[in-house]
Amino acid sequence: MSWLIDTVYYVVPFIVLLGILVFVHEFGHFIIARLCGVAVSEFSIGFGKKLWGRKDKYGTEWRISAIPLGGYCKFLGDDDAASSSGKVSELSEEDKKRAFATQNPFKKLAIVIAGPAANYIFAILIFTSVFFFLGKIDFPPIVGCVTKGGAAEAAGIVCGDRILKINGKEINSFSEISQEVAMHTGGDIHLEIKRQDKIIKKSFPLKTLPLSVEPKQTTPNRPMLGIRSINVVEVKYTDMSFWQSLVDATKESWRVTMVTLRGVGQMISGERSAEDVGGIIRIAEMSGDISKTSGLVDFIAFMALLSINLGLINLFPIPLLDGGHVVIYIIEIIIGRELNDKIKEYVFRIGFGILIALMLFATYNDVIHLFNRWFS
């Protein structure tokens, strides 16, 4: 019976979460394609064998496929779900006008950007609704994970500790922790934490303790505690107008984007361990944890965060991703002609290799993470 409960808590929320985000992303491509006069032959949630399908009056087949790990929007004349234009020559002259491959690069650019843009709009709408109807959300100052070798571990801070004060200043959200630590100028840092029903005070020299899990790092980091938040949000009711909710939602989406880019930059520079790179398994684990231990608001907030990350990652300039297409179409706009098909083929082959390598690496990290979680 326990396996059935775990299936409900982990598999079902994951499929629902990914299905919604994929639909939003692909619908962005779809709606702008329609507005640009491009015909869409297939709109699929999932890959592989078709489980259900129905054609609308415009000739688009809406389908649900067997493998729920993505989706695609296939345009008229495309040879496959990756929009390879191998069948355009077989179309009638009238249909060629509605094929994606025959459009000018400005229309192609708009259609490609529309997917990530839809993910951002969706996240902003979620945040706006939560802010307007419920109030501001934030991650509580509760320790969800302690980094090995960090200052927090050396000081005896454990998962579940709630940080009440840093250097005498009251802490109300997790984001305030990094702000106060960054303002620390030296000497002992003073923490007041709540562990279950006990109030504990700790003082320790932050800068004399290891600040990174990278043993060969020689350049100083700003001061760091070495902790991460839990996957739970707190709602603090505030009476906000719709306009203010929208403004704050946009700011929150921008903040999440900057934090994500900063994290990617730290991985590239070696300041942050690449073990933070996660994939499908990690998403399933997190969505399951949230659905099992938290409420609907937490799940919706997680969906918004994941939607931003999905939109942002798709804008990375990697061939086969939307960002790779964006680079190609911008180049075509600049040079005033379409790139050679052979060049595109080689570029996309390289992109395919990069994506496969990233997926394998992310899956490896996910498996190691699960192994440590189960057996530690």
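This is a predicted model: local features need pLDDT of at least 70, side-chain atom pairs count only at pLDDT 80 or more; totals for chains, interfaces and linings use all residues.
Let me begin with the surface of the protein, where V11, V12, I15, V16 and I20 together form a nonpolar patch with about 350 Å² of accessible area. One of these residues, V16, sits in helix α1, which covers residues 2-35, and V16 counts as partly exposed because its relative accessibility is 39%, a value that falls between the limits of 20% for buried and 50% for exposed.

From there I turn to E252, which is found in helix α6, residues 242-269. Is E252 buried or exposed? With a relative accessible area of 18%, E252 is buried, since the limit for that class is under 20%. The side chain of E252 makes a polar contact of 2.8 Å with the side chain of R255, and, once neighbours within four places in sequence are set aside, E252 is in contact with F127 and F131.

Q196 lies in the loop that runs between β7 (188-195) and β8 (198-205), and its phi is near 60°, a positive value in a residue other than glycine; at 72% relative accessibility, Q196 counts as exposed.

L320, in turn, belongs to the loop between α8 (296-314) and α9 (322-335), and here phi is near 90°, again positive in a residue that is not glycine.

Terms used:
Residues are numbered from 1 along each chain as its sequence is written. Side-chain values use heavy atoms; hydrogens and water are left out. Patches are made of residues with over 30% relative accessible area and no salt bridge: like charges are joined within 9 Å, nonpolar side chains (Val, Leu, Ile, Met, Phe, Trp, Tyr) within 5 Å. Accessible areas come from the Shrake-Rupley method with a 1.4 Å probe; for residues, only the protein chains shown count as cover. A salt bridge is a side-chain nitrogen of Lys or Arg within 4 Å of a carboxyl oxygen of Asp or Glu. Helices (H or I, at least four residues) and strands (E, at least two) are DSSP runs, numbered from the N terminus. Buried means under 20% relative accessible area, exposed over 50%, partly exposed in between (1.4 Å probe, protein chains only). A polar contact is a pair of N or O atoms within 3.5 Å; within protein, one must be able to donate a hydrogen and the other to accept it, and residues adjacent in sequence count only if both atoms are side-chain atoms. Contact means heavy atoms within 4.5 Å.
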